[in-house]
Amino acid sequence: VIPTFNMSAYVDSAVRSVLRGTFNNFEIIVVDDGSTDSTYSTMSKYTNPNSAEFDSRVNYYYQSNSGKSSAVNKGFEVASGSFVTILDADDKLTKNSLESRYKERFAEKSEKHDIVVGGFEVFDRNKTYGKRYPPNTSDSNRLFDQFYTRLKTPFSLNACLVSRAIIDRVGGLDEKMKRCMDGDYA
């Protein structure tokens, strides 16, 4: 799920990063939260069957501006897969990101995970500021401590592969929140 609002300069790179990945069994759901820029035309090259770059795995939805949480929730609503990841329009996935998270979910272990946390980098156009590696624990009390008391969060909701079962049980993001909704959801 890629929520976007006036991010036409970035959303193409986000979509391309998924399309260029090593994992192919996915759908990309771009939810445009009322953009007034060229987001629609940027996305039409993937969604128009007459375009040379058409890819049936890319879906575009437009809604009136209601906030990021609403856009993510719309993506949750229309997603048909058993697992969902959120990718902000100005983020990119590494080539093996989805594949490695998916394989970790189905690794030969006694229990299957409903959430798989991946690492991530913090970057801008000019440089990378640092890498964050996945937490080395699945103990909920330790994760809570790491997430809420550390200066640098140990994981980002955008680096998680979340099962549909968790989304159905917990529900969507709190649409009243304008910031930190991913931290609230985690």
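Biologist: Where is Asn-6 placed?
Modeller: Asn-6 sits in the loop between strand E1 (2-4) and H1. Keep in mind that this is a predicted model.

Biologist: OK, and what is phi of Asn-6 near?
Modeller: Phi is near 50° there, which is a positive value in a residue other than glycine. Most residues other than glycine have a negative phi.

Biologist: How exposed is Asn-6?
Modeller: Asn-6 is partly exposed, with a relative accessible area of 30%.

Biologist: Let's move on to H1. How far apart are its end C-alpha atoms?
Modeller: They are 17 Å apart. With twelve residues at 1.5 Å a residue, H1 should span 16 Å, so the two values agree.

Biologist: Which residues of H1 are buried?
Modeller: Ser-8, Val-11, Asp-12, Ala-14, Val-15, Ser-17, Val-18 and Leu-19. Asp-12 has a relative accessible area of 16%, so it falls under the 20% cut-off for buried.

Biologist: Is Arg-16 buried or partly exposed?
Modeller: Arg-16 is partly exposed, at 23% relative accessibility.

Biologist: And which lysine does Asp-12 form a salt bridge with?
Modeller: Lys-45, and there the closest N and O atoms are 3.2 Å apart. This pair links distant parts of the chain: Asp-12 is in helix H1 and Lys-45 is in helix H2 (residues 39-47), 33 residues apart. Lys-45 counts as partly exposed, at 23% relative accessibility.

Biologist: Which residues are linked in a network of salt bridges?
Modeller: Asp-12, Arg-16, Lys-45 and Glu-53 are linked that way.

Biologist: How many salt bridges does the count come to?
Modeller: It comes to seven. One of them joins Asp-55 and Arg-57, whose closest N and O atoms are 2.8 Å apart.

Biologist: What about that pair, which one is buried and which is partly exposed?
Modeller: Asp-55 is buried at 16% relative accessibility, while Arg-57 is partly exposed at 22%.

Definitions and conventions
Residues are numbered from 1 along each chain as its sequence is written. This is a predicted model: local features need pLDDT of at least 70, side-chain atom pairs count only at pLDDT 80 or more; totals for chains, interfaces and linings use all residues. Side-chain values use heavy atoms; hydrogens and water are left out. A salt bridge is a side-chain nitrogen of Lys or Arg within 4 Å of a carboxyl oxygen of Asp or Glu. Buried means under 20% relative accessible area, exposed over 50%, partly exposed in between (1.4 Å probe, protein chains only). Helices (H or I, at least four residues) and strands (E, at least two) are DSSP runs, numbered from the N terminus. The expected span of a helix is 1.5 Å times one less than its number of residues.
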